[in-house]
Amino acid sequence: MLQLTSLSDIRQHTELLRQQGQRIGFVPTMGALHEGHLSLIRAAKSQNDITVCSVFVNPVQFNNAEDYRLYPRLLEADAQMLAQEGCDVLFAPSAEEMYRQKARLSFDFGELEQVMEGAHRPGHFNGVATVVSKLFHLVKPHQAFFGQKDLQQFAIIQQLVLDLSFDLELVCFPIIREEDGLAMSSRNRRLTAEQREVAPHLYEALQLLHAKLQAGSVAEAKKEAETFLGSFPEIRLEYLEVVHAQTLQPLEEIPAGAPVALCLAAFLGEVRLIDNMLL
Ligand SMILES: Nc1ncnc2c1ncn2[C@@H]1O[C@H](COP(=O)(O)OP(=O)(O)OP(=O)(O)O)[C@@H](O)[C@H]1O
Ligand SMILES: CC(C)(CO)[C@@H](O)C(=O)[O-]
Ligand code: BAL
């Protein structure tokens, strides 16, 4: 596996691949890889000639300095896992290399970013859109693969691709979970044993919300799921929303046939986790 760290190297390499007529599949990540990421790598590999993965903990998308400082960084282990999966290129630039030009772009995604992650992590999606735009320019993929776990991020990136006319196809893959239902996440590594034990209740709350929606109103169903989570003192719920799966706007009632997503974010200690379910 080829490992590149400079912007000019990745740019030249993917330019050459394109000239040779190779189809490039791209998986952007922040590293500390797990089966969720590997499912994206496998999908990229199966549909393209060359698979590129980026590992970059993007400082400008963090709204919390401690979260950035403590984000797991395991580049050597990541490189080994990627090589084992048959990934062709790992692009892992430093923050200095990536932001030789200071990040100063400003995006406006309208109502898409005014809810959930956008509302609770000011500047987050501006930072995501900045780095994803840079990565798309550098890697020039035919396809880019993302996880449904970051549902709002995928919607924002779909909008970004339309707004900036990126010539690529976006692909979204389902959430990979641990056996007990916890959505895999790099941040799970930061949980204490006690926090790890209660963390699967987040997914249980989504399942409960789903079940209660069959019988009652959105407000009642949300209340039951919130009460359930409230019974675990280790869990501090930030939001629990029933939203339209495309516009991501909160629903007070569910229109017949509408695609619906159940989304939450919660803190276990200082670790903030997200999860969602598509109905
Ligand atoms: N459990 C999962 N199943 C499928 N895809 C996932 C999963 N977790 C993350 N991804 C996807 O992998 C890509 C890289 O995500 P990222 O590196 O932020 O990983 P992460 O595990 O979500 O980390 P964290 O949530 O701690 O930031 C994103 O497109 C993300 O949606
Ligand atoms: C898309 C991404 C790699 C941009 O830094 C990140 O937000 C992530 O890992 O989901
Ligand atoms: N997976 C989304 C990246 C972040 O939490 O910043």
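In this predicted model, Ala, Val, Leu, Ile, Met, Phe, Trp, Tyr, Cys and Pro count as nonpolar, Asp, Glu, Lys and Arg as charged, and the others, Gly among them, as polar.

Q: What makes up the shell around ligand 1, in terms of nonpolar, polar and charged residues?
A: The shell around ligand 1 divides into 8 nonpolar, 7 polar and 3 charged residues. Among the residues that come nearest to ligand 1 are Gly36, Met184 and Arg187; because Gly counts as polar, Met as nonpolar and Arg as charged, each of these three classes is represented there.

Q: Why are residues such as Gly147 and Ser186 said to be around ligand 1?
A: A residue is near a molecule if its C-beta atom, placed from the backbone, lies within 6 Å of it, and 18 residues are around ligand 1, with Gly147 and Ser186 among those that come nearest.

Q: Which elements give two or more residues to the shell around ligand 1?
A: They are helix H2 (35-47) and strand S5 (143-147), and H2 gives the most, with 4 residues.

Q: How do you know that domain 1 and domain 2 touch?
A: The centres of domain 1 (2-173) and domain 2 (186-278) are separated by 26 Å. Contact, however, is judged residue by residue, with C-beta atoms within 7 Å, and 16 residues of domain 1 are in contact with 16 residues of domain 2, so the two domains do touch.

Q: Which helix gives the most to the side of domain 1 that touches domain 2?
A: Helix H8 does, with 3 residues.

Note on methods:
Residues numbered from 1 in each chain as written. Chains lettered and ligands numbered in written order. Predicted model: local features only at pLDDT ≥ 70, side-chain atom pairs only at ≥ 80, totals over all residues. Domains from an automatic or database assignment.
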